[in-house]
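The chain is shown first.

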Amino acid sequence: MQETTPLTAQQAQLLSQLVQGLSTEQLAWVRGFLAGINHSVKQAGTQAPAATASAAAPQLTILYGSQTGHAQEVAEHAKARAVAAGFKVDLFAMGDYKASRLKNDKLLLVAVSTQGEGEPPDDARDFYEFLHGEKAPKLQGTRFAVLGLGDSSYEKFCQAGKDFDTRLAALGAERLVNRVDSDVDYDAPAERWIEEAVEALKRVAAPATAGAGNATGDGFSLAALASGVAPAAAASQYSRKHPFEATVLENIKLSGRGSSKEVHHVELSLESSGLTYEPGDALGVVVKNDDTLVDDLIDTLALDPQATTTTQDSTLTLRDAFLRAYDITTLSRAFLEKYAALAESTELKALLAVGNEAALRDYLYGRDVLDVVRQFPARKVKAAEFVGTLRTLQPRLYSIASSLAANPEAVHITVGAVRYDSHGRARRGVASTYLADIAREGETVPVYIEANRNFKLPGDTNAPVIMIGPGTGIAPFRAFVEERQALDAPGKNWLFFGDRNFRTDFLYQREWQRYVKDGALNKIDLAFSRDTEDKVYVQHRMREQGKELYAWLQEGAHLYVCGDADQMARDVNTALVDIVAEHGGLAADAAAEYVKTLQREKRYQRDVY
C-alpha cells in the first residue's frame with residue numbers, strides 16, 4: 001500500500017483557515033466526506049477514491065424529514081460518505097422532493113425523525129401521505145435503508161421511521177440493511193447505519209464504483225487529512241460535544257408575584273466564542289442532574305460514589321457520571337426492560353407484558369429512575385451493570401429570545417422552571433431549575449447553537465409576519481421582532497400571545513408595549529385564560545380576528561407557531577383551517593389544502609414540542 005504523505009505545517013494552516021469559515025452544516029459535510037475517503041482507503045488498502053463521482057457513477061437519492069435539523073445533519077453526513085465512495089448523490093428534504101421521481105430512484109436512503117404522537121415532521125407530511133396513498137408506485141427493483149430518530153421515553157418511539165420502512169417494503173422495495181431506531185443519543189447508531197448502508201450500496205453497485213482514481217495531490221493525501229486535520233478543526237468549533245462556557249450576564253424572574261408559574265429571562269455572553277445564530281435557532285444547554293437526586297440514587301443502590309466508570313468520552317467517578325453523563329430522570333420502556341432483567345423482578349416484567357400498554361403508560365408518568373430502584377430493588381447490583389441500563393444525558397434546547405443584530409455577542413433565552421410533586425416526592429426539571437437556581441450572574445453555563453432550518457423569518461423583509469406563541473413559546477418572536485426592528489424591515493408584524501393571568505404572566509409586557517408604540521409591532525392580540533369565566537386561548541383570538549388574519553395571508557404573510565405540540569398547536573391549526581374556509585369561501589378540504597400549501601411554501605412554520 002502506498003504511504004500517505006503527512007500535511008506540511010503550511011498546508012495544515014491553510015486548511016484550518018478554510019474550515020474556520022464554514023458553517024456547521026458545511027463542516028459536517030466536509031468531515032463526512034473526508035471520513036468516507038479515509039474509510040475507503042482503509043478498506044481497499046490502496047489510494048483514496050476520486051473525490052468527485054464519474055459520469056458513470058451510480059445514482060443515490062437521500063431523503064430526510066427533520067423538525068429540528070438532526071435528521072438533516074445525518075443525511076448530509078450520509079451524502080458525504082456516499083460521494084466519497086463514488087456515488088452521485090441527490091439530497092432532498094422530503095418537502096422539496098418531487099414524489100413523481102420515486103419510481104425511478106432505485107437506490108434510496110431515508111433519515112426521518114418522529115414528533116408528537118408518532119407523526120412525521122411537518123416537512124415530511126406530504127411525502128408520507130403520498131407514500132401511504134393509492135398513488136404510490138410499485139417499487140420492485142428499488143433498494144432502500146431507513147434510519148429513524150426519536151425519543152424512547154415516548155410511547156410511539158421512532159414511529160415515523162417504522163412507517164416509512166414498512167411501507168417501502170410493502171411497495172416492493174428491498175432493504176439494503178435493517179432499519180435502525182436511534183434514541184436521543186443518536187450519533188453512534190447513526191454513524192453505524194451510514195457505514196453499513198454505504199457498504200451495502202457499494203456491494204449492490206460494485207461494477208460502477210470500482211476503479212476510482214487517485215484523490216491525492218499537491219504533496220498530501222486526503223486520507224491523512226481525514227485522519228488528522230479534520231477532527232482537530234472540528235474540535236475548535238463549539239458544539240454539542242464541545243460546548244462554550246458562557247458567562248451569565250443577567251437572570252431575571254419574569255413572572256409576577258402570585259403567579260402559578262416561574263419564568264426566567266436569562267442573558268448569556270458569547271464574547272470570544274465565535275458563535276453566531278439567527279432568529280428561530282435554539283440554544284443548547286449542557287445540563288447536569290440534581291446533586292441530591294444523584295446521592296439518593298447511589299445510596300439506594302448501595303454503590304460506591306467514588307468507583308470509576310467509563311462513558312463514551314471519558315472515565316469518571318460514578319457520582320460524576322450520574323451528575324453529568326447519564327439520564328436518571330426520564331423513564332422509558334427500554335430502561336425498564338433492562339432493569340427488570342437486572343433486578344429479576346417478575347412484577348416489573350409483568351408491567352412490561354404485551355397488552356399492558358395503558359398500565360405501563362400510567363406508571364411511566366411522573367416517575368424517575370430512583371422511584372423504580374426503590375420499588376423494585378436489585379440485589380448486589382454492580383455499577384457497570386446499572387450504568388448499562390441508562391441512556392446518555394442529553395442537552396436541553398431553548399428557543400433563542402434575542403437577535404444577534406440587536407445584541408452582539410450575547411444570547412437570551414426564556415426559561416419556565418419546572419417544579420411539581422408526584423408520587424410523594426418533589427420533582428425538578430433538570431435544565432429549567434438548573435438555569436433558574438444556579439445560573440446566576442457571573443456563573444458560566446456550557447452552551448452551543450442548534451440551527452433550526454425550519455423556523456426562519458422570510459427572506460423578503462416586506463413580507464408580513466404573524467406570530468402565535470403562548471407562554472414561553474413567546475421566546476422566538478421576541479427575537480423575530482428585535483431582528484425586524486434592527487434591520488428596519490418594512491413588513492408588518494402581528495403577535496398573538498396567551499397565558500394564565502394578565503397581571504402576573506404577561507411576559508415581556510413593557511417591551512411589547514414599546515414595540516407597539518414604536519410601530520415595530522403593528523398588532524397584538526392577548527388571551528389570558530384564567531382572567532375570565534370562560535377560558536380564552538390564542539386560537540379564540542385568531543377566530544375573532546379571522547377576517548383580517550386571512551387578508552394578511554392573502555397579502556403574502558408568513559405565519560409561525562411556537563409552543564405545546566399536543567394541544568395548542570393542534571387547536572391553532574384547526575382554527576387556521578376554519579378561518580381559511582370561512583373567510584376564503586372554501587370547502588373544508590380546499591381550506592385544508594390551502595394551509596398545506598402554506599407549509600409547502602414555508603409560509604406556515606412551527607416550532608412545537
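## Helix H3

In this predicted model, helix H3 takes in residues 70–84, 15 residues in total. From its first C-alpha to its last, H3 reaches 21 Å, close to the 21 Å expected at 1.5 Å a residue. After H3 comes Gly86, which has a positive phi, near 105 degrees.

H3 is mostly covered, with 12 of its 15 residues buried. The buried positions include the alanines Ala71, Ala75, Ala78, Ala80, Ala82 and Ala84.

## Aromatic pairs

A pair of aromatic rings is described by the distance of the centres and the angle of the planes. The model has 25 aromatic pairs. One of them joins Phe480 and Tyr560 edge-to-face, at 5.0 Å centre to centre and 85 degrees between the planes. Phe480 belongs to helix H17 (residues 475–486) and Tyr560 to strand S20 (residues 558–563), so this pair ties together parts that are 80 residues apart in sequence.

Trp494 and Trp552 form another edge-to-face pair, with 5.0 Å centre to centre and 65 degrees between the planes. Here a strand meets a helix: Trp494 lies in S18 (residues 493–499) and Trp552 in H21 (residues 546–554), so the pair ties together parts that are 58 residues apart in sequence. Trp494 is buried, with a relative accessible area of 0%. Trp552 is buried too, with a value of 3%.

## A ring cluster

Ring pairs also link residues into a cluster. Its members are Phe92, Tyr97, Phe127, Tyr128, Phe130 and Phe164.

## Charges over rings

Which charged residue sits over the ring of Trp494? The charged end of Lys523 does, 4.8 Å from the ring centre.

Methods: Residues are numbered from 1 along each chain as its sequence is written. This is a predicted model: local features need pLDDT of at least 70, side-chain atom pairs count only at pLDDT 80 or more; totals for chains, interfaces and linings use all residues. Side-chain values use heavy atoms; hydrogens and water are left out. Helices (H or I, at least four residues) and strands (E, at least two) are DSSP runs, numbered from the N terminus. The expected span of a helix is 1.5 Å times one less than its number of residues. Buried means under 20% relative accessible area, exposed over 50%, partly exposed in between (1.4 Å probe, protein chains only). Rings of Phe, Tyr and Trp (its six-membered ring) pair if their centres lie within 6.5 Å; planes under 30 degrees apart count as stacked, over 60 as edge-to-face and the rest as tilted. A charge sits over a ring if NZ of Lys or CZ of Arg is within 6 Å of the ring centre and within 35 degrees of the ring normal.
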